[in-house]
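This briefing walks through selected features of the structure shown below, taking the two chains in turn. Please keep the sequence and the model in view as you read.

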Amino acid sequence: MARDRASRRLAADLSLLAVAGAFALPLVWVLLSAVDPHAGLRVRVPDGVTLDNFDAILTPEITYTPLLNSLVLCGGATALTVACAALAAYPLSRFRSRLNRPFLLTVLFATSLPITAIMVPVYALFVRVDLIDTLQGTVFFFAASQLPFAIWLTKNFMDGVPRELEEAAWTDGASALQSLVRIVLPLMGPGLAVVTVFSFVMMWGNFFVPFMLLLSPDRMPASVSINDFFGNRGMVAYGQLAAFSVIYSTPVILLYVLVARRLGGGFALGGAVKG
Amino acid sequence: MRARRRAARFLPLTPAVVLLLLFLAGPIAYCVYIAFTDLQLTGQAHSSFVGLANFRRAFRDDAFLNAVWLTLVFTVLSSLVGQNTLGLALAALMKRASKPVRTFTGGVVITAWVLPEVVAGFLLYAFFRREGTLNAVLGWLHLPRQNWLFTLPVLAVSFANVWRGTAFSMLVYSAALDGIPAEITEAAEVDGAGGWRRMWHITLPMIRRSIGTNLMLNTLQTLSVFGLIWVMTRGGPGDRSQTLPLFMYEQAFQNSMIGYGTAVALLLLLVGSLFSAVYLRLLRTEV
């Protein structure tokens, strides 16, 4: 029996390693090419290690401005999303009303709508109301597109905070807003971190929204500028493209690790999405 | 007085509701409206109502039917077959594997998921190119090589979507499998049920709700993939990997037919809503 189990474990280990190996190949390529002086399209051991690729792209025009744009765009939209979601979740979690259920169902319905499909009408609408190629327009749209899921998550996390502490605060005359800010939100710190990181990561990696709503090259976030870079120079400078990919991807990977650590394993987001 | 105070309690909902109405419900309503007009990108003073003409045109348009077919192939291959099955297999194997292997595999698969869409596109573009890693591996194994992005573009972008999206299914199924009580699996083992039979008769029925949820969410995600395909093939060569989102974009911007592009978008939105409604029904008891 014990031997049987050991051989089953070995079989499982080997199959997983085979899949992991296949999944790792593209990741290994980008890591090796970033430091390879003569990077090509296939995985190979570099014939020397260099930081020239990073040197070549660490300029305001290629890296700093797009990353700063991404930070302002996604940071602003995330702040707006989380603030609106926390405010909206409070009455939904604390007070009963006949409208709660329909509202939550609508929100849940909206979480799974394909946002890609409405980008053409959003573009046409933004042209008419003069929001096209503006930072605030893109921030508002980003926030609205991420808001349904943020409300849903925040409400679920808030349900986990016991009411007793707030009731004590109410009898002391605190308003709902005060008890939300002073009592409930501090108690759901990890939950808020998940909502914040998830919204930010989704926006940081999003290509289609800024691709459609922004036009001026100097406003473009990294997700769009990397595409232009690729079209113009990446076709030959694979090492530089790889270096840029590494720099642009690192923040979201670190953020994910941070959140996954805090909530015990990578299952937090998957479990949260499940409902 | 009391009613007013009760209404005031729901005031904090206002910013969220305003944002959702203006920037989500508004565009959807506008989408429904311009899908029935001949709005164009430039040089037109005003658009006029054309009824169902855009939709009639779509169903006679070979390029549209081609996009529908490719979207179907892309969704079935990458979401239903690829992400879903591979995700379940990984989750089931992880329950038996040793901890270091489990952590390593989880880390690699999740990294592919967390990477920005455009970066994932580049990595797989390099992987599938004629000079890329896949052909190097195939050559090493003495298997036939191909110019994948040219000969089988839909297959290449489907594999790319599997690479990028499997982590989600893996996470959902890992959580679901952890929810099955150990006694049930052990009882079946004592009764002599082998691995496959246990999977088919016990595990799958017990996680059927997670399967439903996962299929819906995978499909919705796959229907709206744009950046990945755009970076890898631009929908080409020709229109051989042009799924509906790319077709919609081309009609609206390369051909300046915003009205027509939006009609296609509306059809995509309707299909999405249908899946979304099914997903809600699956979750019904949990809200």
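How many residues of domain 1 of chain A are in contact with residues of domain 2 of chain A? In this predicted model, 10 residues of domain 1 of chain A are in contact with eight residues of domain 2 of chain A.

**The two domains of chain A**
- The side of domain 1 of chain A that touches domain 2 of chain A is made up of six nonpolar residues, three polar residues and one charged residue.
- The domain assignment places residues 1–50 of chain A in domain 1 and residues 52–274 of chain A in domain 2, and the centres of these domains, taken over C-alpha atoms, are separated by 32 Å.

**The overall form of chain B**
- Chain B has 15 helices and zero strands, and its C-alpha atoms fill a box of roughly 75 × 75 × 30 Å along the principal axes.
- Of the 287 residues in chain B, 46% count as buried.
- When contacts in chain B between residues at least 6 apart in sequence are considered, 73% of them join residues at least 24 apart.

**Annotated regions of chain B**
- An unreviewed UniProt entry gives the annotation "transmembrane region" to residues 67–92, 104–128, 148–173, 215–237 and 257–280 of chain B.
- Residues 215–237 of chain B are 70% helix and 0% strand, with end C-alpha atoms that lie 30 Å apart.
- Residues 257–280 of chain B are 96% helix and 0% strand, and here the end C-alpha atoms are 34 Å apart.

Notes. Residues are numbered from 1 along each chain as its sequence is written. Chains are lettered from A and ligands numbered from 1 in the order in which they are written. This is a predicted model: local features need pLDDT of at least 70, side-chain atom pairs count only at pLDDT 80 or more; totals for chains, interfaces and linings use all residues. Domain bounds come from an automatic or database domain assignment. Two residues are in contact if their C-beta atoms, placed from the backbone, lie within 7 Å. Ala, Val, Leu, Ile, Met, Phe, Trp, Tyr, Cys and Pro count as nonpolar, Asp, Glu, Lys and Arg as charged, and the others, Gly among them, as polar. UniProt positions are given in the numbering used here, feature names are shortened, and annotations may be inferred rather than shown by experiment. Helices (H or I, at least four residues) and strands (E, at least two) are DSSP runs, numbered from the N terminus. A residue is buried if 20 or more other C-beta atoms lie within 10 Å of its own, exposed if 12 or fewer, and partly exposed in between; C-beta atoms are placed from the backbone.
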